[in-house]
Amino acid sequence: MPSYLKMKKYTPKEIMTGIKRLNRVMNGFYTEETEELDLTFLDNPEITGSLLMSKYSILTTIASIEFIMELLKFFGNDTDLINRYDELASDLYDIKNNPTDYSKCSLIELEEFCRKNYLKMMSGENSFSSFRNFLVLCILVLEIPIKLHDLLIVKYTFHHTKEECFREPIYLIKEEEEYYFVFNKRKNNKLNKQLIYHIKSNEVKNLMNKYFSNYVKNNKIFLTTASGVEMSKANLSNGLINYTIKNLNFPISVHDIRTLYLRERLNISELEKEIFTF
């Protein structure tokens, strides 16, 4: 009998139901012949949640995520991954309990909002927080939806080349009037691969120019508070949600945009896939 059938919170029948449900959306997670589980399928909560939501109701998705958390605890997986699933479950509970508060919008509608409000943000006088939150929204929608945690650790530089930026996990570089995100993948504390993403949207480029020229007080960190202090997860998450409630009449989170990206964006390149799961 496989060891996972001894999980205390569920009966063996409930465990197999949960496993087979996951295997329907992640073919290969469970191998029937050997009764083995490939837990690497669970490494990205956003992708797992999106796959579950594409097939099951929100209640079934929540139940599946809670099952995943118990499974990860049973196999001794790292707390950070379990906490990310817990955050996802909390978001889904909120959607279930407050369905009218959540957007039915598409990625295309968010793109239209960004482009429609771009000139207003460029020409008018806006508060630091409002401008920063709009810039973050445009990056996530018009470029690529980087994880919330990753956005917080981006270092900014304009006097180093891409090749010189390898010490920190993520950089935003301005080089010859162009902007690039540099993601440094490491293995055993050694640089394994450098992912370089070129900012293509003129709107995002111009917003960045204005942000660094008119607003930023700390030229070493990309996203900060108005006083130039590093932001917390809650700072950035609440800032984006409050901005979208005020301007769109419903809240949008980084997770929401990442989910829309997976559902709607066609022809995602290999580079974009690697950055999405970085």
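A pocket, on a 1 Å grid over the protein atoms alone, is an open set of points where a 1.4 Å probe fits, with protein on both sides within 12 Å along at least five of seven lines, and its lining residues have an atom within 4 Å of a point. A volume is the space filled by probe spheres set on the points, which are joined across faces, edges and corners.

The model on your screen is predicted, so local features need pLDDT of at least 70 and side-chain atom pairs count only at pLDDT 80 or more, while totals for chains, interfaces and linings use all residues. Residues are numbered from 1 along each chain as its sequence is written, and side-chain values use heavy atoms, with hydrogens and water left out.

**First stop: the largest pocket**

Select Glu-46, Glu-87, Asp-91, Leu-148 and His-255, which lie nearest the centre of the largest pocket among its 24 lining residues; about 660 Å³ of space lies there. Next, colour helix H4 (79-97), which gives the most to this lining, with six residues. Helices here are DSSP runs of H or I, at least four residues long, and strands are runs of E of at least two, numbered from the N terminus.

Is Leu-152 buried or exposed? Leu-152 is buried, because its relative accessible area of 15% falls under the 20% limit, whereas exposed means over 50% and partly exposed in between (1.4 Å probe, protein chains only).

A nonpolar core is a set of buried Ala, Val, Leu, Ile, Met, Phe, Trp, Tyr and Cys residues joined through side-chain atoms within 4.5 Å. The largest one has 56 residues, and Phe-181 is one of those that touch the most other members. Helix H6 (residues 128-143) gives the most to this core, with 11 residues. Select Phe-181 and look beyond its neighbours within four places in sequence: the residues in contact with Phe-181 include Ile-139, Leu-195 and Phe-222, where contact means heavy atoms within 4.5 Å.
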